[in-house]
Amino acid sequence: MARDARLVFVLIGFAAGLLATSRAQPAEVKVGLIIDADSPVGKIATTTIPMALEDFYAAFPNSTARVKILQYNSSADVVIAASAALQLMTTQGARAILGPQSSVESAFVADLATHAEVPVVSFSATSPSVSPTAARFFSRAAQSDADQAGAIAALATLFGWRRVVPIYQDDDYGVAFLPFLVDALASARAEVPYRCALPGAASPDAVAAELYRLESEQTRVFVLHTRHQLARRVFAAAVKAGMTGEGYVWVITDGLTGLLGSVQPPQGVIGLAPYVPTTPRLRDVKKRWAHRYMRDHPDGELSHAIIGCYAVWAYDAAWAVASAAERLSASDLSSPPGLVGGTDGDNDISGLGKSRSGRSFLRALSHTKFEGLGGRFQLVDGELVVPAYRVLNIIEGGKERGIGFWSPRFGLSRHISRRSDIPGGELAPVIWPGESAVQPSGWVQPTSARKLLVAVPGYVSASYRAIVHLDVDPVTNQTTAGGFVIEVFEAAVRLLPYALPFEYVKAKSQPYDTLVHAVQNGTFDAAVADMTITEKRANHVDFTLPYMATDIAMVVPLLDQRSSKLTRFFFLKPLCHDLWFVSAALFILVGAVVWAIERSHNGDFGAEVELTPSNQGKLTPNQAGTKGKLTLSNQGGTFLYFGFSTLVFAHRENLKSNLSRIVVVVWVFVVLILQSSYTATLTSMLTVPQVELAIADYGALLRGTEKVGIMNNSFTGQALKQSGFPQDRIVRYPNARSFLDALLNGSIGAIVNETPYFQMFLNTYSDNFTMTDQRNMTGGFGFAFPKGSPYVTDLSQAILKLTESNEIARIQRKWFGDPGNGDSPFRSRSLSLYTFRGLFLITGLTSLACFVLQLILNFRQTIDQLIFKFRQHIVQLIFKFRQPIQEIMLHPSSPLEEHSVIDVAGSPDSAPHMSEGSGTLEMAIPPADEIEPVASDQTAVEAVAPARHPDSSGENHREASSN
């Protein structure tokens, strides 16, 4: 019994151990790998993927799932790849597939896998021909070729390449990339003039023949996008043809940069590679990977043992698959492998079943994020997000040299994390083919290339040959073009950053709208003519910037109006009405001011003078009858005559006041200028033609009945029609001479055309015609090209350079001469008050100042007289009502005292006294040598007599009293 019990315990323990062992064993997840084992990428994958899985499980030893790789060799055959995928999904029970290697294989396998709901993760299918949008279960763990098209376009912009020739493999890998490249170059204002498609199996001779054809063209910038086998043959042929020397540019895409050891590009090539940040982990993997690669492929070349973008993508793709398998649930891992729900056998494509774990596996892949060898690994809508590209320069020995970075965010820059300070980006110095440091222009003069057919108006009137003309030699059929338009076009072409072969083609006489349609439909590649840019024409073709500004203007005859203006009062025309009125007012003002100053002391202006027989009739005598002054009517006539006599400087009155002399001097100066100006203006009116416009402006033309002449095939007829001008009044003429004849004979009243044509017309006939000031702006003259032509932008920039350098102005002077101002002959205009406002202001202020100063002087003199009379009246009152005052002796020390008696009307400063025997008031006057000057010179002494002795008779007293 005891032994049986021990046996039971042993069996139970063994069963428990088996159970524990079974629980700890991770689940096996089968993943297929379809590659071309003999290709460089296949060799890289066979080394990288097992190494990546080993590293993953070394980092996560407790993983619940283990990926088992089931490898199939497709030998680059689509059928074999599809057959391998069917076997993996059906009989092998693969829950996911890594690969296939090529885009063609991946496209077919992705369709099968999507139908079976088995995730496919490709690390080498970079062609846009296969994408997650077309196959839902396809994921690309590599960078799409479409993403590097922007980097190539940025290089073309930075180095000024306007033409780029792609050399691509003629299969899904190369053809699918081309539209993205062409669109990116077009957005950078570069074009693809021609393409070179090479079959993958092209022989070296076939490749050499294509390269020799490219050499005969002008473009020297080539973008190579092929598989490594074909790229190697292309470079070998290019070296033999001398197309890898100085002046050439070669750009290779990331598919070739990742296999530099297999491609062996020459020195000077520029390459693009996905940006991979340098980390300690990457350096460790590189060392181990190189040793393992040489161990796995002992016959391989050492130059191939360099980890590139394909190795990085394969490593991260394997890591992502292992990480996603770890996220599968227990039910997904326990589900039977293979497909379920299929019909008619496992190899029947139409009857394929569905994978039970496929949806969960795809969901786990889309949510997988980690720091891989290539940086942050994350699939967005099934595509790998790569932040930037490295720009490489291949140096001697096939080694790479980093010169910068490109990213959609920062463009070209020497730093990965910030934008360049230079507009357009920058890179480190490039060593170009031929070990040259000089940047290639990207083009040469071609030995054989299709020339642009440039249409030029065939028939041009002799009047306008200076604008444009084209002559064809009847013997040699050689065309010779000339004129302003042609010279500007050729000058602009010379400034292009590439050669532009063209030939002039004579276009028949036709409206320019018809010529525009010929450019649009491809009959001509361009139109070079005096073609105005209009909205209607711009809907069909692209115009360059205008090389000449134009306006719609009107030329009308000039009419001489001298005879019609010689009326009976023509002598009043030189001065405007306001000037006449102000001048007359100033004449009166000056006379009045002089009269007011002179009238108090100048007999010529009204002061009292001695009466003589010659002036008794003109003067009004005073009460004494000895003096007189002018009557008021004579005084008025005097100041009016004096004022107007200054007009001819005939005034004869003698001025005595300095103030009046100042007024007259200033006024005479003004009169001199006014008189000279009047004489000059009147002379000009009588001798200079007085021209006027026959039609003042467009409004007058529209209201009138005159007909209007326009040039044949000109768009001005449409402009007149749109403005409401009657069509029956529009007459078309072919040349300037016909316009002249029509204007002279009165057939038309005006010409409506663009200003460049009028410039030539008026240079010849400016004496009889002029251009009106009213002008309507137009779009100017421009060169026409088909819609989307890359030449439009380049020629527009060239035209700007010509304009800024005044080259166009020089060409214009050469063909048209110095531009005139377009004005009509001089017209004499009446002088206005505004012309003489300064002189009149000076005269008015001077007269006013002198008049005010005279008023101040007169007022002061009047005040003095009033004060004297007031004091005299006070003295009289004192003598009349106060006691008599003793007589004051004048000279007491004199032996003979004499007294002078003065009436009370004498000087108020004398001492008063009363004479004896009479009541007469007398004043004692000192001798003459003691008499002080009287304060006022206006004192009137009525009588002065010697004083009598006191004992003299009273007769003398009475006599003095009576006086």
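The model is predicted, so keep its cut-offs in mind: local features need pLDDT of at least 70, side-chain atom pairs count only at pLDDT 80 or more, and totals for chains, interfaces and linings use all residues. Residues are numbered from 1 along each chain as its sequence is written, and side-chain values use heavy atoms, with hydrogens and water left out.

**The sheet**

- Helices (H or I, at least four residues) and strands (E, at least two) are DSSP runs, numbered from the N terminus.
- Strands of a sheet pair through backbone hydrogen bonds, either parallel or antiparallel.
- Here, two strands pair if DSSP finds at least two bridges between them.
- Eight strands make an open sheet with mixed pairing, in the order β7-β6-β8-β9-β10-β16-β17-β18.
- β7 (196-198) and β18 (411-413) sit at the edges with a single partner strand each, so one side of each has no neighbour in the sheet.
- From one strand to the next, the twist averages 25° (axes are lines fitted to C-alpha atoms, for helices over the stretch in contact, and angles run from 0 to 180 degrees between N-to-C directions).

- β10 (residues 270-274) and β16 (residues 389-394) run antiparallel, joined by five bridges.
- Pro-274 pairs up with Tyr-389 of β16 as its bridge partner.
- β16 and β17 (residues 400-407) are also antiparallel, with six bridges between them.
- Their hairpin has five residues between the strands, and Gly-397 takes a positive phi near 85° there.
- β17 then pairs with β18 in the antiparallel sense, over three bridges.
- Trp-406 has Leu-412 in β18 as its bridge partner, and the hairpin of β17 and β18 has three residues between the strands.

**Empty space**

- Rolling a probe the size of a water molecule over the atoms shows where empty space is left.
- On a 1 Å grid over the protein atoms alone, a cavity is a set of points where a 1.4 Å probe fits but cannot get out, while a pocket is an open set with protein on both sides within 12 Å along at least five of seven lines; lining residues have an atom within 4 Å of a point.
- The largest pocket holds about 740 Å³ of space (a volume is the space filled by probe spheres set on the grid points, which are joined across faces, edges and corners).
- Of the 31 residues lining the largest pocket, Leu-260, Ile-306, Ile-307, Gly-308 and Glu-400 lie nearest its centre.
- Elements that each supply at least two residues of that pocket's lining include α2 (40-59), α12 (280-296), β10 and β16.
- There are also four cavities of 30 Å³ or more, and the largest cavity has about 110 Å³ of space.
- That largest cavity is lined by 15 residues, with Tyr-275, Trp-313, Gly-374, Leu-384 and Val-386 nearest its centre.
- α13 gives the most to the largest cavity's lining, with four residues.

**Salt bridges**

- The whole structure has 20 salt bridges (a side-chain nitrogen of Lys or Arg within 4 Å of a carboxyl oxygen of Asp or Glu).
- Asp-55 belongs to helix α2 and Arg-288 to helix α12, so the pair ties together parts that are 233 residues apart in sequence.
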